[in-house]
Amino acid sequence: MVKIPSPRRLFRSRSRSTSASSSTSGGADICAMVAEHEKIEWEVRPGGMLVQKRRSPEEDAAAVEYILVRVSTGRQWHDVSIDATATFGDLKVMLSLATGLWPREQRLLYRGKERDDCEHLHMVGVQDKDKVLLLEDPAVKERKLRSTTLAQLMGVPCHSFIQV
């Protein structure tokens with residue numbers, strides 16, 4: 001069984017439709033205010049569709065936002081300027097130049113959690129002048145310690161028996 005709507009809903013009076021159009025123009029004013037605030041450029045396509053204006057690759061490269069991330073290694077601070085949409089892996093590569101640690105030897109903590117290399121800075125919430133903690137991987141640190149102690153215990157690997 002199909003329910004038929006009342007005829008009052010199907011045929012509205014002209015006075016209601018004009019008031020509805022005025023309320024939609026008020027909505028357009030709100031959209032214009034938001035667009036002005038966000039500085040979004042709009043264009044009308046030939047079919048009459050209103051869309052966000054396309055940018056050329058040169059404009060996109062110029063519009064890249066860089067943030068300053070303060071990285072603490074415990075006893076040192078490093079200020080790194082990086083793209084806001086970069087990953088933590090990209091940040092590790094930049095830090096490897098400053099600290100001398102390979103990216104696989106680094107652990108980055110942000111807001112108390114270790115972050116993966118594939119996580120994006122802007123998705124996690126890293127903003128300008130935020131602090132990130134850099135720790136050396138404990139397994140790598142232990143391996144280095146073992147290799148140095150073994151080298152000290154072994155001393156010189158062979159002694160010469162014949163003296164000239």
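Here is a short chat about a few spots in this predicted model.

Me: Let's start with the sheet. How many strands does it have, and in what order?
Reply: The open sheet has 5 strands, in the order E4-E3-E7-E5-E6, and the pairing is mixed.

Me: Which strands stand at the edges?
Reply: E4 (77-83) and E6 do. Each has a single partner strand, so one side of each is left without a neighbour in the sheet.

Me: What holds strands of a sheet together in general?
Reply: Strands pair through backbone hydrogen bonds, either parallel or antiparallel.

Me: OK, and E3 with E7: parallel or antiparallel?
Reply: Parallel, with 4 bridges joining E3 (residues 66-72) to E7. As an example, Val 69 has Asp 130 in E7 as its bridge partner.

Me: Now Val 71. Where is that?
Reply: Val 71 is in strand E3 too.

Me: Buried or exposed?
Reply: Val 71 counts as buried, because its relative accessibility is 0%.

Me: What does Val 71 touch?
Reply: Leaving out residues up to four places away in sequence, Val 71 touches Gln 76, Trp 77, His 78, Val 80, Leu 95, Val 132 and Leu 134.

Me: Switching topic: where's Ser 96?
Reply: Ser 96 sits in helix H4, which covers residues 88-99.

Me: Why does Ser 96 count as buried?
Reply: Its relative accessible area is 19%, and buried means under 20%.

Me: On to the backbone. What's the phi of Arg 111?
Reply: Near 55°, which is a positive value in a residue other than glycine. In general, most residues other than glycine have a negative phi.

Me: Where is Arg 111, then?
Reply: Arg 111 is in the loop between strand E5 (106-110) and strand E6 (113-114). Arg 111 is exposed, with a relative accessible area of 61%.

Me: What about the phi of Lys 129?
Reply: Lys 129 isn't a glycine either, and its phi is positive, about 65°.

Me: Which loop is Lys 129 in?
Reply: The loop between helix H5 (121-124) and strand E7 (130-136).

Me: Is Lys 129 buried or exposed?
Reply: Lys 129 counts as exposed, because its relative accessibility is 54%.

Methods: Residues are numbered from 1 along each chain as its sequence is written. This is a predicted model: local features need pLDDT of at least 70, side-chain atom pairs count only at pLDDT 80 or more; totals for chains, interfaces and linings use all residues. Side-chain values use heavy atoms; hydrogens and water are left out. Helices (H or I, at least four residues) and strands (E, at least two) are DSSP runs, numbered from the N terminus. Buried means under 20% relative accessible area, exposed over 50%, partly exposed in between (1.4 Å probe, protein chains only). Two strands pair if DSSP finds at least two bridges between them. Contact means heavy atoms within 4.5 Å.
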